[in-house]
Amino acid sequence: MRLLKISIALTSLTAVLGKTVTHNFTASWMDASPDGHSRRVIGINGQWPPPTIEVDKGDQLEVYLKNDLGDRNTSIHFHGMYQNGSNHMDGPVHVTQCSIAPEGTILYNFTVAQNGTYWYHSHAGAQYPDGFRAPIIVHDKQAYFNDQYDEERVITLSDWYHEEMAVISPKFRSMYNPTGAEPVPQNILFNDALNSSINIEANKTYLLRIINIGAFVSQYFWIEDHDLTVVEIDGVYVDPHPTNMLYLTSAQRYSVLLKTKNTTQNNFAIGTHMDKEMLDVHPKDLDYYQTNWLMYDSKAALPALDIKHTRFDNALDDFDLIPHDRRPLYAEPDHQIEVTVTMDNLADGVNYAFFNNITYTDPRVPTLYTVLSAGDLANNAQVYGTFTHPFVLNHLEVVEIVLNNGDTSSHPFHMHGHEFQVIKRTDAFEDDDPHFYDPENEDISLYPEFPMRRDTVNLNANGHLVLRFIADNPGVWLFHCHVEWHLEQGLALTLIEAPMVIQQTVDIPQNHYDVCESVGELYKGNAAGNVDDFLNLKGQNTQAAFLPDGFTLKGYIALFVSAIVAILGMMSVGLYGASDLKHTEAALVKRAGVYEENEDIDDEDIQDPSTSLLH
Ligand SMILES: [Cu+2]
């Protein structure tokens, strides 16, 4: 009897706590040809596409990642997982962990206390577009739409390049690409193939989980002659919302209910279309559309897409969605962070991306490890360095982020560790008419009563966004553009949320420190690796020097072009660059507009511009 009681108790405990799901992942190079062109990709356990992770809400997920890539470091980020109490399992290198060197193994181990559609991807330099990305599905027996569908299907959308990132990225971030034109993908894939089919039966309802696991372009998604009902975005359940077309930026997810036809002898085209507005150049031989099929009958014809009658201007606006939990607008903010996105050239000729003049540059010590080694100084943003662009948040305060877009392109912004309320989003505007946030004329009565929440949101060209969240998840969280090219250009900042609580709740396993030891990266000290004086940032990684005042992008390009055609011009660029590199770290810090009072930085501290986003 007693044994039975213990057994019942253990069973119910497991039901509450969830089971443990363990994956042993070995990342290695292999060949694949998803679009007919064979290339080297990063597979997991000799499999590409990498396996989908499936868990139930409440499960413990353990992923052992062994790096068998041989020629580079790696890591995994579990996109959309809040990692409450497990900040060190978040994955971005130099933010919450060191890079995993070849032959190294790390254990990611955390409780999945949320539900919905997610994905995992490498977060070590520009690496996931080489194929290291796949879905994570968190099943939830309590989902409000659980009894409204018969079966589910997972659909991934992705742009695809024929060359490896290690080949494309250096060419992209180079003085020979002064406008920062993003590499144009060769294809868009659907479930990592071309012309795929989703097999379904008539007179049923399906839950489609659609994920854009791509690196760059946003995509439109629609199924001809079928309606979609949105029920989830980025893990947040929303009230049922009918639409016939979705627009997914990189990293966004939608779950939709699809009611199939009662009877039909036909198959239907599923269209995907890359957002051409995001491309700086439009190659003539690029296929901007892909045709896939909703397959009712494998013997029936496969119809072509009817592009002529397809309208893209009525794709779903996610701002209109209402979270099913009806969480009201958060209170007026305790802490407002306003940043403006710009793209510009620095003195090395490379085109960078900035929040308020700062382009993210990796610290020498992962920011989380600085929190854990800084004692009381962890509350002082200065210890995290200038170029991680740190903001220290107080525990449980309401934080508002205002994002102005001073760029001519849209950008999908992702916050680690949180979903945020999107309380305002302007349309896109022309270059000569940017619409930035104006506190004097802000009409807060227009903010939604129940704002939509998600973890990745699109910022329109030359417009602005206002986001709110509650700082209830102590940790170090990166906030960045999810266009991998723009992250490479430094479009990121660091939120250090409740550092004193992090010190009390996060316990780094020895395995993670061993990873640092074997790769030779620091795991104690401030952003410069200084362990004796945390306010002394001497030796921190810095961004490249600014161009001289009055030196515009147009001026730079003109000089660049003239330099190509004249040896003399080339020499002048060299001289300009050489003279400008004499800009000191102190001058850079001052120009960036922060910590001007830091007297510990002196004029001799000249550092090479960091290229450390590539690992
Ligand atoms: Cu971007």
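Guide: Let us start with accessibility: buried means under 20% relative accessible area, exposed means over 50%, and partly exposed is the range in between. The model is a predicted one.

Visitor: Why is Asn-380 called partly exposed?

Guide: Asn-380 has a relative accessible area of 27%. Asn-380 is placed in the loop between H3 and S22. Its C-alpha atom is separated by 9.5 Å from that of Pro-499, 119 residues apart along the chain.

Visitor: What makes Ala-381 buried or exposed?

Guide: The relative accessible area of Ala-381 is 17%. Buried means under 20%, and therefore Ala-381 is buried. Ala-381 is also found in the loop between H3 and S22. Between Ala-381 and Leu-393, twelve residues apart in sequence, the C-alpha to C-alpha separation is 9.6 Å.

Visitor: How do you know whether Ala-304 counts as buried or exposed?

Guide: Ala-304 has 63% relative accessibility. Exposed requires over 50%, so Ala-304 counts as exposed. The loop between S19 and S20 holds Ala-304, and the C-alpha atoms of Ala-304 and Asn-292, twelve residues apart along the chain, are separated by 9.1 Å.

Visitor: Why is Lys-57 called partly exposed?

Guide: With a relative accessible area of 40%, Lys-57 falls between the two cut-offs of 20% and 50%, and is therefore partly exposed. Lys-57 belongs to the loop between S3 and strand S4 (60-67). The C-alpha atoms of Lys-57 and His-139 are separated by 5.9 Å, although these residues are 82 residues apart along the chain.

Visitor: What is the phi of Asp-192, and why does this residue count as buried?

Guide: Phi of Asp-192 is near 55 degrees, a positive value in a residue other than glycine. Its relative accessibility is 9%, and since buried means under 20%, Asp-192 counts as buried. Asp-192 is located in the loop between strand S10 (187-190) and strand S11 (197-199).

Visitor: Which peptide bond is cis?

Guide: The bond from Trp-48 to Pro-49 is cis, with omega near 5 degrees. Pro-49 is found in the loop between strand S2 (39-44) and strand S3 (53-56).

Visitor: How many aromatic pairs does the structure hold, and why is the pair of Phe-190 and Phe-221 called stacked?

Guide: The structure holds 22 aromatic pairs. For Phe-190 and Phe-221, the ring centres are 6.5 Å apart and the planes are at 10 degrees. Pairing requires centres within 6.5 Å, and planes under 30 degrees apart count as stacked, so the pair is stacked. Phe-190 lies in strand S10 and Phe-221 in strand S13 (residues 219-223), so the pair ties together parts that are 31 residues apart in sequence. Both residues, Phe-190 and Phe-221, are buried.

Visitor: What makes the pair of Phe-268 and Tyr-296 edge-to-face?

Guide: The ring centres of Phe-268 and Tyr-296 are 5.7 Å apart, and their planes are at 70 degrees. Planes over 60 degrees apart count as edge-to-face, so this pair is edge-to-face. Phe-268 is buried, as is Tyr-296.

Visitor: How do you know that a charge sits over the ring of Tyr-288?

Guide: The charged end of Lys-276 is 4.4 Å from the centre of that ring. The distance limit is within 6 Å, with a further condition of within 35 degrees of the ring normal. Arg-326 likewise lies over the face of Phe-450, at 5.5 Å from the ring centre.

Visitor: Why is the largest pocket said to lie between two domains?

Guide: Domain 2 (143-326) and domain 3 (335-519) both give residues to its lining, so the largest pocket lies between them. The largest pocket has about 750 Å³ of space and is lined by 29 residues, with Tyr-247, Asp-275, Ala-428, Asn-458 and Asn-460 nearest its centre. The lining divides into eleven nonpolar, nine polar and nine charged residues.

How values were computed. Residues are numbered from 1 along each chain as its sequence is written. This is a predicted model: local features need pLDDT of at least 70, side-chain atom pairs count only at pLDDT 80 or more; totals for chains, interfaces and linings use all residues. Side-chain values use heavy atoms; hydrogens and water are left out. Helices (H or I, at least four residues) and strands (E, at least two) are DSSP runs, numbered from the N terminus. Buried means under 20% relative accessible area, exposed over 50%, partly exposed in between (1.4 Å probe, protein chains only). On a 1 Å grid over the protein atoms alone, a cavity is a set of points where a 1.4 Å probe fits but cannot get out, and a pocket is an open set with protein on both sides within 12 Å along at least five of seven lines; lining residues have an atom within 4 Å of a point. Grid points are joined across faces, edges and corners, and a volume is the space filled by probe spheres set on the points. Ala, Val, Leu, Ile, Met, Phe, Trp, Tyr, Cys and Pro count as nonpolar, Asp, Glu, Lys and Arg as charged, and the others, Gly among them, as polar. Domain bounds come from an automatic or database domain assignment. Rings of Phe, Tyr and Trp (its six-membered ring) pair if their centres lie within 6.5 Å; planes under 30 degrees apart count as stacked, over 60 as edge-to-face and the rest as tilted.
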